[in-house]
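Have a look at this protein model with us, starting from the whole chain and ending at single residues.

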Amino acid sequence: MVADLTNKTILLVSVLVNTDRPMSYEPPTPPTDLPTGIIDTFDDYSPELLRHVASYAEELAEYREREDRLAEAEDEDEIEERPDDLPDDVPSKATITIKEINDNRYYYWQWRDGDKIRSQYKGPVNPDE
């Protein structure tokens, strides 16, 4: 009787599992943008092999989407070319700021270094001064 109950349970579970999609006696219609060669190849595959292909295709799609997102992020994070007049000890992320000292204006390279703001003298705003 226990074996009988187990077999009935397995049958019920498999029926319940397969009720999410209506059973069709017709083969599914392939997407219109799927190449004919792939459709013809799939027609020769067993259900088990088709499930392996589907699993691989899903993983491959996720991998390629992730690679695309990483490539986009790299493009956004690309550092612009290093200015010709940037000293070697000043990082390329530095910006130019103007400071006024004793009524004179000067350019300084300025950048963040951890929690601190660093500056390095570049030259006067008006080179004649």
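The report below moves from the overall fold to the sheet, then to the core and a few residues.

**The chain as a whole**

What you see is a predicted model. Its protein chain holds 3 helices and 3 strands, and the order along the sequence is α-α-α-β-β-β. Of the 129 residues, 6% are buried. The chain exposes about 11800 Å², with 52% of that area supplied by carbon and sulfur atoms. If we take the contacts between residues at least 6 apart in sequence, 12% of them join residues at least 24 apart.

**The sheet**

The 3 strands come together as an open sheet with antiparallel pairing, in the order β1-β2-β3. Strands β1 (95-101) and β3 (116-124) stand at the edges, and each has a single partner strand, so one side of each is left without a neighbour in the sheet. From one strand to the next, the twist averages 40°. Strand β2 covers residues 104-113 and pairs with β3 through 8 bridges in the antiparallel sense. Trp111, for example, has Arg118 of β3 as its bridge partner.

**The nonpolar core**

Which residues form the largest nonpolar core? There are 5 of them: Leu86, Val90, Ala94, Trp109 and Trp111. In soluble globular proteins, nonpolar side chains tend to be buried together. Within this group, Ala94 touches both Trp109 and Trp111, and Gln110 as well, when residues up to four places away in sequence are not counted.

| Residue | Residues in contact |
|---|---|
| Ala94 | Trp109, Gln110, Trp111 |
| Thr97 | Tyr106, Tyr107, Tyr108, Gln110 |
| Arg112 | Lys93, Ile117 |

Thr97 lies in strand β1. Is Thr97 buried or exposed? Its relative accessible area is 19%, and the cut-off for buried is under 20%, so Thr97 counts as buried.

Arg112 is found in strand β2. It is in contact with Lys93 and Ile117. Arg112 and Pro91 are 21 residues apart in sequence, and their C-alpha atoms are 9.5 Å apart in space.

How values were computed. Residues are numbered from 1 along each chain as its sequence is written. This is a predicted model: local features need pLDDT of at least 70, side-chain atom pairs count only at pLDDT 80 or more; totals for chains, interfaces and linings use all residues. Side-chain values use heavy atoms; hydrogens and water are left out. Helices (H or I, at least four residues) and strands (E, at least two) are DSSP runs, numbered from the N terminus. Buried means under 20% relative accessible area, exposed over 50%, partly exposed in between (1.4 Å probe, protein chains only). Contact means heavy atoms within 4.5 Å. Accessible areas come from the Shrake-Rupley method with a 1.4 Å probe; for residues, only the protein chains shown count as cover. Two strands pair if DSSP finds at least two bridges between them. Axes are lines fitted to C-alpha atoms, for helices over the stretch in contact, and angles run from 0 to 180 degrees between N-to-C directions. A nonpolar core is a set of buried Ala, Val, Leu, Ile, Met, Phe, Trp, Tyr and Cys residues joined through side-chain atoms within 4.5 Å.
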